[in-house]
Amino acid sequence: KPGARVAHSVRCLESGPDFEGIRQGHKVRIRSTVQPHKETLYAAELRDCTVIKVFDKDYPPTKAARLNAKKLRGKWKVVSAEENGKKLLGKQMGFDALSIEGYTIYLHQGNRAFAFGLAFDPEKTPKNLELTGGKAALPCIYSLEGDRLRLFLPGQKKDGTFQRAVSFDTSKNQGLLLNAERQKGS
């Protein structure tokens, strides 16, 4: 209700293949049925959802983007990190784990997790992806070799923008390089 002290949200129960590729940051038009209001709920729940339109250039995802999303799916432990050409240890690494579910990535810092949408452009070299859903998209590069993932998060420039790295060399590119290994069973 307007003026309430608690944040409200809208939750859509996915129903159908047309939801594949929708990520955080997409603007969508959905047709659905809204559940009846209950005083104990802080979220409006949409049921029997059908996607009418997605307002973004990366939807539907390409075959290559779908394949990369599938390959990256799972839980990853950050085993090392690097910034400005120097190895980072322990809490200096910033993140201790990653988990990827469909087109959403969670960057873990202990008990906290930051969720972002994933937009892939695997045709570039190195492979490009963007973390979406924050104030600005974060242009990243990544590589996947077996069960080893390298993810280069861009550093923020003085003017507040982010620039995609052109290589994984942190002495030549501003940002944070995370090296992660897939967790068994994920």
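## An exposed loop residue

Asp159 is exposed, at a relative accessible area of 56% (exposed means over 50%, buried under 20% and partly exposed in between, with a 1.4 Å probe and protein chains only). Asp159 sits in the loop between strand S11 (148–154) and strand S12 (175–182); strands (E, at least two residues) and helices (H or I, at least four) are DSSP runs numbered from the N terminus. Its side chain makes a polar contact of 2.6 Å with the side chain of Thr161. A polar contact is a pair of N or O atoms within 3.5 Å; within protein, one must be able to donate a hydrogen and the other to accept it, and residues adjacent in sequence count only if both atoms are side-chain atoms.

The model is predicted: local features need pLDDT of at least 70 and side-chain atom pairs count only at pLDDT 80 or more, whereas totals for chains, interfaces and linings use all residues. Residues are numbered from 1 along each chain as its sequence is written, and side-chain values use heavy atoms, with hydrogens and water left out.

S6 and S7 pair in the antiparallel sense over five bridges (two strands pair if DSSP finds at least two bridges between them). Glu101 stands opposite Thr104 in S7. The two strands form a hairpin with two residues between them, and Gly102 in the turn has a positive phi of about 60 degrees.

S7 also pairs with S8 in the antiparallel sense, over six bridges. Here Leu107 has Phe114 in S8 as its bridge partner. The hairpin of S7 and S8 has two residues between the strands, and Gly110 takes a positive phi near 60 degrees.

The structure holds two aromatic pairs. Rings of Phe, Tyr and Trp (its six-membered ring) pair if their centres lie within 6.5 Å; planes under 30 degrees apart count as stacked, over 60 as edge-to-face and the rest as tilted. Tyr103 and Phe120 have ring centres 6.2 Å apart and planes at 75 degrees, so this pair is edge-to-face. Tyr103 lies in the loop between S6 (97–101) and S7 (104–109) and Phe120 in S8 (residues 112–121), so the pair ties together parts 17 residues apart in sequence. Tyr103 and Phe120 are both buried.

Phe120 also forms an edge-to-face pair with Tyr142, at 6.2 Å centre to centre and 75 degrees between the planes. This pair links Phe120 in S8 to Tyr142 in strand S10 (residues 138–145), 22 residues apart. The relative accessible area of Phe120 is 12%, and Tyr142 counts as buried at 2%.

## Second largest pocket

The second largest pocket has a volume of about 400 Å³. On a 1 Å grid over the protein atoms alone, a pocket is an open set of points with protein on both sides within 12 Å along at least five of seven lines, a cavity is a set where a 1.4 Å probe fits but cannot get out, and lining residues have an atom within 4 Å of a point. Grid points are joined across faces, edges and corners, and a volume is the space filled by probe spheres set on the points.

This pocket is lined by 23 residues, of which Lys57, Asp58, Ala119, Phe120 and Asp121 lie nearest its centre. Helix H1 (63–72), S8 and strand S9 (127–132) each supply at least two lining residues. The lining has ten nonpolar, five polar and eight charged residues (Ala, Val, Leu, Ile, Met, Phe, Trp, Tyr, Cys and Pro count as nonpolar, Asp, Glu, Lys and Arg as charged, and the others, Gly among them, as polar).
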